[in-house]
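Please read it alongside the sequence and the coordinates.

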Amino acid sequence: MIPTVQKALVIPAERGPWELRTDFPVPSPGPQEILVKLMASALNPIDWGVQTYGVDFIKDYPHVGGADGSGVVEAVGAEVTGFTKGDRMRVTTWVCKGYRLTTFHISLFRAGLLPHYATFT
């Protein structure tokens, strides 16, 4: 069963300090989306810049940082082909439905299956 809330590292307001939220909503995948439960994720230099300086293209806060991750497919939209629940995935995103690297993440943008030898650690 997919939970309704998750963990997320967020910037609560422009140039605000990072906060770990434990009550961030889990999104539902649309017909052309997959929901991935992340097992590993990364913050990148752009995240430091967003937090330190703010940027014009981020309009909605809280902002979830991170752009790279890997995990397991939890749900698949009705029109998605090539992915099934339980597939081990890697995802690279920018901004996707306002969510980035939360515990559960929606993505088909730059998503792919992990090779069998790859691990989450």
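Ser70 is located in strand E5, which covers residues 68-76; helices (H or I, at least four residues) and strands (E, at least two) are DSSP runs numbered from the N terminus. The model is predicted: local features need pLDDT of at least 70, side-chain atom pairs count only at pLDDT 80 or more, and totals for chains, interfaces and linings use all residues. Residues are numbered from 1 along each chain as its sequence is written, and side-chain values use heavy atoms, with hydrogens and water left out.

**Ser70**

- Ser70 is buried, with a relative accessible area of 11%; buried means under 20%, exposed over 50%, and partly exposed in between, for a 1.4 Å probe and protein chains only.
- Contact means heavy atoms within 4.5 Å.
- Leaving aside neighbours within four places in sequence, Ser70 is in contact with Lys37, Leu38, Met39, Ala40, Met89, Arg90, Leu114 and Phe120.

**Pairing of E5 and E6**

- E5 and E6 run antiparallel to each other and pair over five bridges; two strands pair if DSSP finds at least two bridges between them.
- Gly69 has Val91 of E6 as its bridge partner.
- Thr92 also belongs to strand E6, and its C-alpha atom is separated by 6.6 Å from that of Gly69, 23 residues apart along the chain.

**Faces of E6**

- Thr92 is partly exposed, at a relative accessible area of 23%.

**Nonpolar core**

- The largest nonpolar core consists of eight residues, namely Ile34, Val36, Leu38, Val73, Val80, Phe83, Met89 and Val91.
- Strands E3 (34-42) and E6 (88-92) each supply at least two residues of this core, and E3 gives the most, with three.
- A nonpolar core is a set of buried Ala, Val, Leu, Ile, Met, Phe, Trp, Tyr and Cys residues joined through side-chain atoms within 4.5 Å.
- In soluble globular proteins, nonpolar side chains tend to be buried together.

**Loop between E5 and E6**

- Lys85 lies in the loop between E5 and E6 and is exposed, with a relative accessible area of 58%.
- Leaving aside neighbours within four places in sequence, Lys85 is in contact with Val73, Glu74 and Val76.
- The C-alpha atoms of Lys85 and Val73 are separated by 4.9 Å, although the two are twelve residues apart along the chain.
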